[in-house]
Amino acid sequence: MNADALLDIEDLSVSFRTDRGKVRAVSDLSLSVKQGETLAIVGESGSGKSVTALSILRLLGDNGMIDDGRVVFEGQDLLALSADEIRQIRGDRIAMIFQEPMSSLNPVLTIGKQVAEPICLHRDKDWSEAMEMAGSLLAKVAIPDATERLGDYPHQFSGGMRQRVMIAMALACQPRLIIADEPTTALDVTVQAQILALLKELTEQSQAALILITHDLGVVARYADRVAVMYGGRIVETADAKELYANPAHPYTVGLMASIPGIEGDAGTRLITIDGQPPDLAYLPPGCAFAPRCQHAHEACGSGIPTLESVLQNPSHRRACFGYPS
Amino acid sequence: MNLAMNEKPLLKVNDLKVHFSLTEGFLEKEVGSVKAVDGVSFELRRGETFGLVGESGCGKSTTALAVLRMQPLTGGLIEFEGNDITRLEPHQMRPVRRRMQMVYQDPFGSLNPRMQIRDIIGEPLLVHGLATNRRLFRERIDELMDMVGLLPDMSDRYPHEFSGGQRQRIGIARALALEPSLIICDEPVSALDVSIQAQVLNLLMDLQRELGLTYLFIAHDLSVVRHISDRIGVMYLGRIVEIAGRDELFAHPRHPYTQALLASVPRPDPALEATRSQQLIVGEVPSPKTPPPGCHFHPRCPKVMGVCREESPILESNRGALLSNHQDESRVACHLYDA
């Protein structure tokens, strides 16, 4: 348990009922986020990063279940709350920004209504007051002629503008924690840069914590203070961002960094690849999930599951690896 | 890859235009047009990879379809292997299509889920009447699967049994079946996980070396395009704003849009990111229905001048003193470099 943590996840395990039986998507995951901090959760599809995010707000859907663990936010275990109580927290103390700004906005409600709704719900304001606040929120996320556009519908906004609206909605009740799940993956690169810079600036102003879920190691480098790398439903490495990029210690992290073509340096040469493909969560190997793709795997990797342990006497840099054979 | 420059290009595209008309009402009265591709010119030399980058809606995919004549042209000229194919009838295009094939972005949507892999890869051979002998047909498919790193015993399986990266290999094998000289790759790795992207890029580069293929490589990811391309064209709202050799483009981007694009890409290095100035350009790509007058980029350009609002700059080489110290073939469409 981390004393100064805003959010503390302990030993979280999540699974889904599927037609192939119960599939474990997240296993024994622990992480914490401090106030004002940006934590990036990085991983490929199926690594469990989005499921982790959805579990915090208990948005898993009917076939998902939390098997074990605690999600302590401001001293309260969110998993122990009633449905009503967690609804009080969603959109108020913790807000979420999704990847698809088109499908996350209601197409038949005006932008103004959608931004004002959380204010009405959680702040007990009447509609006219909430609408006024919605107007200033839209101005804050740099939507031109914000008040005039309150009556517009989502289809009248571009992709980047819609994501700005999502950010305005998330900020409406001044949350302490914002969870952004691939917030810019659907956007063009010049717009991505604008949106992420805006998100970072606004969270810094309000001293909120940000959990940024992404597969883009460039985005992580630019915006994250700390990083957790996920693979096969577990955190395999976590460190301060600078430390992680300077001294990646898990073979998966090392491979991932080597396999992205850079914008400087050698071009046209063969890229270093990680052989094979991400594991099928329904058929995880018995030991370390990365072992079948790992060029350093040895006997221990095939039987036991490594736990997160600190690297090089650095308590904030930890990896889950049995180490390279000597 | 660095073949003599006087050799005839494999593909020559000149002033290519694809306009879509906008209609209104029951009678579909024409009220305007979207100039998806508006005067695009470039050349592909044999054995090289030409990258086409730009944000969504810039016209890069429409350009690809137009080159394959899968999209009616409004104007322009396409010369492939020395022949003008601009006005060929569909039946005349058939033999040409054997020489130019496409690899699509979506490895899920581009393979028929009800067909076995063998039939997907072999279909081009059937369509073009090249599958005369069952044994040779099978052998050819085994050979193609082997070339792209798939085990030939998998040939009776269906697409859903394969991962995204493997499906993209199937798409590549299908494109290779007719032994084309040109392969157009439209965002071939953007749907794949990072660790799988590298595998597919390596495969494409290996195949190019072995088979002497020429690629037109379309993508929005600058680091991917940089890695695989010899030369790169940058598109914005239907026009090419800059063409340059890979190293030249990344070392000395000339067009303010290219500069902004490069500045927007976050680098996987926190120490560098902390020091790098983040000059973000404002706004978004305007609607292609109502492109700004003059240079399409002027409303977002940090270096905009009066002339930019009125005159469209032409893609020209060696403009003025700024470029003269380089004996390269960079071309840029920007008034900043007007002599």
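**From the strands to the interface**

In this predicted model, strand β3 (residues 38-42) of chain A runs parallel to β9(A), and four bridges join the two. Within this pairing, A:Ala40 stands opposite A:Val227 of β9(A). On to another partner: β9(A) also pairs with strand β10 (residues 234-240) of chain A, in the antiparallel sense and over six bridges. Here A:Ala228 has A:Thr238 in β10(A) as its bridge partner. The hairpin of β9(A) and β10(A) has two residues between the strands, and A:Gly232 takes a positive phi near 55° there.

How enclosed is strand β9 of chain A? Six of the six residues of this strand (residues 226-231) are buried, so it is largely enclosed by the rest of the structure. In a regular strand, side chains alternate between the two faces of the sheet. In β9(A), A:Arg226, A:Ala228 and A:Met230 point one way, while A:Val227, A:Val229 and A:Tyr231 point the other way, and all are buried.

Now look at the open sheet of four strands in chain A, with the order β2-β1-β4-β5 and antiparallel pairing. Its edges are β2 (21-34) and β5 (76-77) of chain A; each has a single partner strand, so one side of each is left without a neighbour in the sheet. Strands β1 (residues 5-18) and β4 (residues 64-73) of chain A are joined by eight bridges, and A:Ser13 has A:Asp68 in β4(A) as its bridge partner. Helix α1 (residues 49-56) of chain A lies across β1, β2 and β4 of that chain, at about 70° to β2(A).

Finally, the chains meet through 37 residues from chain B and 37 residues from chain A. On the chain B side, α6(B) gives the largest share, eight residues.

Terms used
Residues numbered from 1 in each chain as written. Chains lettered and ligands numbered in written order. Predicted model: local features only at pLDDT ≥ 70, side-chain atom pairs only at ≥ 80, totals over all residues. Contact = placed C-beta atoms within 7 Å. Pairing = 2+ DSSP bridges. Axes fitted to C-alpha atoms, helices over the stretch in contact; angles between N-to-C directions. Buried ≥ 20, exposed ≤ 12 C-beta atoms within 10 Å, placed from the backbone.
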